[in-house]
Amino acid sequence: MRNVSRVSKLGKAIAFALAGLSSASAMAAIAPDDIERITISGNSDSTFPRTMAAVDSGKIFEGKKTSVVELDEMPNFIEPNLRQMFSTLPGLFVSDQAIPSFYNVNYRGLGNPHESEFVGFFQNNIPLAADLFGYPTIYYMPPAQRIERIEFVRGGSGLIYGPQIGPTVNFITKRAEVGRDTGFRTDQALGSNGLYSTYNEFATSTGDFGFFASVDHRSADGPRDNEDFDVTSGHVSVAYEGFDDIRLGFELDVYNSDSGEAGRLSTTEFEQDRNQTLTPFNRVEIEQVLANFTFAQKISDSATLDANVWYSYMDRFSRRSGQFSEPENEPATTNIDQQEFDNWGFDARYAQAWGDNNVLTVGTTSYWGDSPRTRHVSSDIRSNQQNAADLLFDQDRKMTYNAVFIENLFKFDKLSVVPTLRYERVNYDLEELTKNPSLNRDPIDVDETENELLLGLGMMYQLNEISELYANVSESYRPQRFDDLANPNSELASSNGPDVSSAMNYEFGYRAMPVDGLVLDVSAFRIDFDDKIETIQVNIADIERVNSGDSRHQGVEFSVDYDLFAGRADESFRIFANGSLLDAEIVSSLNESLVGNTTAFAPEYLLRAGFIYNTEKLDVALTATMVDEQFWQDSNASRGTGIDEIAALIPSYEVVDLTAEYRIDSQWAVYGGINNLLDENYYSRVRNDGIEPALERTVFAGVRFQM
């Protein structure tokens, strides 16, 4: 067993500041009758539109860069068009794919966007990753019609949601509400490539109980053979408020998707025929269950307690063979992979207002995960049958995570100071029940514990009534993935077994509302990402993973949002522009040829612009996304030769999306949209086996009835 602890100089300094400021503020405290209390429960208003409140549900957002998207301000659209969903979130890069089997998002060039490993996705504060650290991938998102708003927190998530180096995206969804009128809604839509989408919801309440349920289904044939998908999900939630100042809630989500994988292409194949299929029998199937019990109590006018207990289960099943274009070259075998993720979690946060508008929050998070994995090699590339004789390997993977944290918002007139302290413990217990017979090593048996102390410091200074400065410095780290410690297909040389990767996040920004309806936000950022885990080719058949890479990510992020009709109660016309200018570079590596290279998936610019028009009857949104060229490998080199070559650079591209919704009366509405309006021929997703074409122009139209 290996036990690792790390405490930084910054950590010691901030811990000292936390204690010192606490003592100073306590000495300066005034009589309770004279205290102006800060709202510490609910979603209190923020000084600036479309940013998080200073304190919300036991979490402090003061001194952190945040953004909020209100989905009801946008016309009805059909997920998975994440470009539109994230159109007003600067810097969030979407790697487009045609099927919703998994989701690919990145930020500030931190890593490959594949399955969103470097962005933390949450639903109502519950993590959506298959496994929190061992397999932090995203295969599920709630349907767009059920999302009320999106909360986006940068700076290593400000240590609010965990230790991750990247930001956090938290989907706040519709759920049961006590006192809500009975209502029903159904959406029916058709679109390109055989798309059919239906979304249905029902809500009611009686006495101290509230109830909400929804069912949605999406299916399409896709532009290529075997690029079809079929997605069904359901949600049920109940709320109870029969106790004084207490809300109890229960939420259950179920999800199922079945998607074809048509195969990835070389650069030449993409240019010659982007719609060809090279893997006609590959499939990915996802089943997920997410159950959550919530407890929220207003203990007093100055104290709240928020807690969640959740359970999640996911079954990830894939059947994948090699690529082929001619029937006579059909592969002899296919890999059938199954990974199950059985997870329990607990999170509790106590918030206390004290002194002169100060707020203290303390809490704890625990997580237990059990993730068995098997691979069978079958001679029938069309079948999902898992025969015992075909078993290649079998792994049992367990992860335990515990964290305690304390954060305090100190108010000194116009200055806010928010020090944060977070202690974490992660344990991996990995065992190989059946070893790949082609390997010479012993079966894997790993029991490893990591202990980390993380510190953060946020500040906000109110320049005047219409502008403020904010700054944040946060430590963060990236725990190892299961395959980093126990790759079932590697000999695992003695030098394999990397430690955690770490990072420092720096952000300094300015927010202002110089005129009514105009909101500006600009910040400079830097991320020092150290001890990145790199894959080293030991020989022609084997790899190992070691902490050998450092990278630096710096740049400017901005957003401008102006409502031309500010002040009108029944009409708004928001024009917006936002973007990220990024300079990302590898500064250290065991492979010296990588030093000085641009990190993969780090375009120098990512810009968005458009407008959102709203009236009582009509909503229209036009968004344009412009992405610079980018490398898809840290080597900044192409892969393969001749017709099989994958070019080193992903070309720049511009994509425009248009959606509209018209409400005929209080019950009926029609909606529709054109995705990729200008029919851009592009791709933004590349893996080692090739290019995945993004969708060309598609259209959809639908009708909604509600009562």
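Visitor: Which residue is the bridge partner of Arg149 in E10?

Guide: The bridge partner of Arg149 in E10 is Ile172, where strands are DSSP runs of E with at least two residues, numbered from the N terminus. This is a predicted model, in which local features need pLDDT of at least 70 and side-chain atom pairs count only at pLDDT 80 or more, while totals for chains, interfaces and linings use all residues. Residues are numbered from 1 along each chain as its sequence is written, and side-chain values use heavy atoms, with hydrogens and water left out.

Visitor: How many bridges join E9 to E10?

Guide: Six bridges join strand E9 (residues 147-153) to strand E10 (residues 168-173), and the two run antiparallel; strands count as paired if DSSP finds at least two bridges between them.

Visitor: And what is the strand order in that open sheet?

Guide: The open sheet has five strands in the order E4-E9-E10-E7-E8, with mixed pairing. Strand E4 (66-70) and strand E8 (126-127) stand at the edges with a single partner strand each, so one side of each is left without a neighbour in the sheet.

Visitor: Switching to the core: which residues touch the most other members of the largest one?

Guide: Phe86, Phe121, Ile150 and Phe171 do, within a largest nonpolar core of 69 residues. A nonpolar core here is a set of buried Ala, Val, Leu, Ile, Met, Phe, Trp, Tyr and Cys residues joined through side-chain atoms within 4.5 Å, and buried means under 20% relative accessible area, computed with a 1.4 Å probe on protein chains only. Another core, of 18 residues, lies apart from it and includes Phe270 and Tyr653.

Visitor: What is Phe121 in contact with?

Guide: Leaving aside neighbours within four places in sequence, Phe121 has contacts (heavy atoms within 4.5 Å) that include Phe86, Val105, Ile138, Met141 and Phe171.

Visitor: Okay, Arg441: buried or exposed?

Guide: Arg441 is buried, with a relative accessible area of 10%, although the residue is found in the loop between strand E22 (415-434) and strand E23 (445-464).

Visitor: What does its side chain make a polar contact with?

Guide: The side chain of Arg441 makes a polar contact with the side chain of Glu432 at 2.7 Å; such a contact is a pair of N or O atoms within 3.5 Å, where within protein one must be able to donate a hydrogen and the other to accept it, and residues adjacent in sequence count only if both atoms are side-chain atoms.

Visitor: Last one: how many residues lie between E14 and E15 in their hairpin?

Guide: Five residues lie between them, and Asp245 in the turn has a positive phi of about 60°.

Terms used:
Helices (H or I, at least four residues) and strands (E, at least two) are DSSP runs, numbered from the N terminus. Buried means under 20% relative accessible area, exposed over 50%, partly exposed in between (1.4 Å probe, protein chains only).
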